[in-house]
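I opened the notebook with two things to look up.

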Amino acid sequence: MPGTSDNLLNQILTGESKLLNLLMNSLPELMFIKGKDLSFVQVNRSYVKLAGLVDAFHAVGKKDSDFFKASDGQDASAVETKVIESGVPAFDVDQKVSNKAGETFCLSGHRLPIKNQQGEVIGILGLVHNVTSVKRMEQELRNVNVRLSHTLTQLKQTQQKVILHERLNALGEMASGVAHDFNNALMPILGYADVLISKPELLSKTDETIVMLKDIRIAAMDAAQAVRRLREFYRTSAEDENFKGNLNKQIETAVILTRPKWQSEMGAKGIRINVETNLQEIPFVNAKESQLREILINLMLNAVDAMPNGGTITINTMKDDDMVVLEVCDSGVGMAEEVRQKCLEPFFTTKGDEGTGLGLSMVYGFVKRRNGSINIDSAPGKGTKVSLVLPSGENEHVEQKAEMPVMVIPAMRVLVIDDESYARKLFGMYLKADNHSVEFAENGLEGLEKFSSGNFDLVITDRAMPDMSGDQVALAIREKKPGVSIIMVTGFGDIMNENKQCPKGVDVVVCKPVTHSDLQRSISQAVGRRA
Ligand code: ADP
Ligand code: MG
């Protein structure tokens, strides 16, 4: 019956319990009604609790500022005045306040204008959430996030250090190998030179002298090659995933690079280790060749360590769909199951102080970064097989650097600037043999003086010289005479050419040691550039 429910509603609204009071006090949110002067007409229980009042009556006629201090300038009274003046509600008003007890709260809520029957604003209704704990959690989350990213940065730095450390270790091993090869190469050079100096009469036997000189030349080329290998090894800093590497070729290099360890060092102890390779035709893999060498060297050194009584290392490559499979097998002591399961972990080693425990974890990181996989098959006494499956790069043709044909160069006037007298002498001999006329300078300043007072077609300058570097000399000469050809000679030529580094003004960079044909080729190239 409508009459009955109207009656009930009337009783509810006007009765002792008052519906509005009931509603207000049942809300977990703070709720209040303020007059036009922003003094309270009514507040609910949640407000009383937050403000630390005895009861709601204590609030009537008072203002927010009697109970709360706004912190950080987050005061809502300006917003409330605007709502009263404009009659437009304000939503999501943020406040930060502290009560008399010194507790601080973050509040967020709405202010709605209360209008009379004429539509005039007579007060304001506030409904406010206490969002203190949400804000605190947000802040904590933010702090945790900052700490996490900090930790992540530290982890990355540690990883870099680990990689560097492992590289240095392997480099140490290689350096001793290179020193060994280098000394071997020096032997015939020193020996023949001694013989020729102590027995000058041999020089009249041209045929014999030529044979000796040819051997000296081969030995010197080997020595240069040994140094170049070392350089190739440490040229690993910039990781670049866009490289295509020839795995089979790097296996051959790794076998040579580790030979001092598995052949010379073990051989000296009477231990025989054979290395066999079965390399099928495979596409390129997505890796820098220096990285491939590093992982191969690591796997090979592990295999050598596992064969204290000798044995065989077998390296296989094959193609499997668009993947390349590499297997490094040894007939060594093998691994117990718990070692096999842990061996990829960084710092896990069974070699005590001798081991770093980083070799396999580096290999693992390398494989994972390329979305490949690694599998280790091993059992005590049964040897070990480490298999890597690597995605192949497109089987693109790697452009072979075509050897520049040597042009017939007309006689030129050449200025050679080098602080080493043997280098000046050698270049002088090469150039005169090709009918060029040569002048020499021992340093950059002298070079510039001679260049200004003479008339030269070509300048050959060393790079590292005291007082004035080859780079500065080249630049100054280029400014004086743009048409002149400039060749730079340096011990770091390989690295510079690899990085496409050519100092300003220089036409061609050539690597020491320079053979006669190296020089001829560089001259053709340099002259070709300026033609
Ligand atoms: P390290 O060689 O410095 O110990 P690695 O990460 O290269 O570190 O290898 C971790 C461990 O895995 C080795 O200490 C060894 O116990 C085991 N291991 C690795 N390769 C072989 C292998 N070819 N044969 C037997 N055990 C191996
Ligand atoms: Mg190792």
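**Ligand 1 and its surroundings**

I looked for polar contacts and found a polar side-chain atom of Thr350 at 2.5 Å from an oxygen atom of ligand 1. I keep in mind that this is a predicted model.

I checked the backbone next. A polar backbone atom of Gly357 is 2.8 Å from an oxygen atom of ligand 1. I then turned to nitrogen. Here a polar side-chain atom of Thr384 lies 3.2 Å from a nitrogen atom of the ligand.

On its own, ligand 1 has 530 Å² of accessible area, and the protein covers 93% of that.

I listed the neighbours. There are 18 residues around ligand 1, and Thr349, Thr350, Lys351, Thr356 and Gly357 come nearest.

I traced the strand order. The sheet is open, has five strands and runs E13-E12-E14-E15-E16, with parallel pairing. Which strands stand at the edges? I found E13 (437–441) and E16 (508–511) there; each has a single partner strand, so one side of each lacks a neighbour in the sheet. I noted an average twist of 20° from one strand to the next.

I went through one pair in detail. E14 (residues 458–462) pairs with E15 (residues 485–490) over five bridges, in the parallel sense. Ile460 stands opposite Ile487 in E15.

I ended on a helix. H14 (residues 470–480) packs on the sheet and touches E12 (413–417), E14 and E15. The direction of H14 makes about 180° with that of E15.

Key: Residues numbered from 1 in each chain as written. Chains lettered and ligands numbered in written order. Predicted model: local features only at pLDDT ≥ 70, side-chain atom pairs only at ≥ 80, totals over all residues. Heavy atoms only, no water. Near = heavy atom within 4 Å. Polar contact = N/O pair within 3.5 Å; in protein donor to acceptor, adjacent residues only side chain to side chain. Areas by Shrake-Rupley, 256 points an atom, 1.4 Å probe, with all protein chains shown as cover. Pairing = 2+ DSSP bridges. Helix = DSSP H or I, 4+ residues; strand = E, 2+ residues; numbered from the N terminus. Axes fitted to C-alpha atoms, helices over the stretch in contact; angles between N-to-C directions. Contact = heavy atoms within 4.5 Å.
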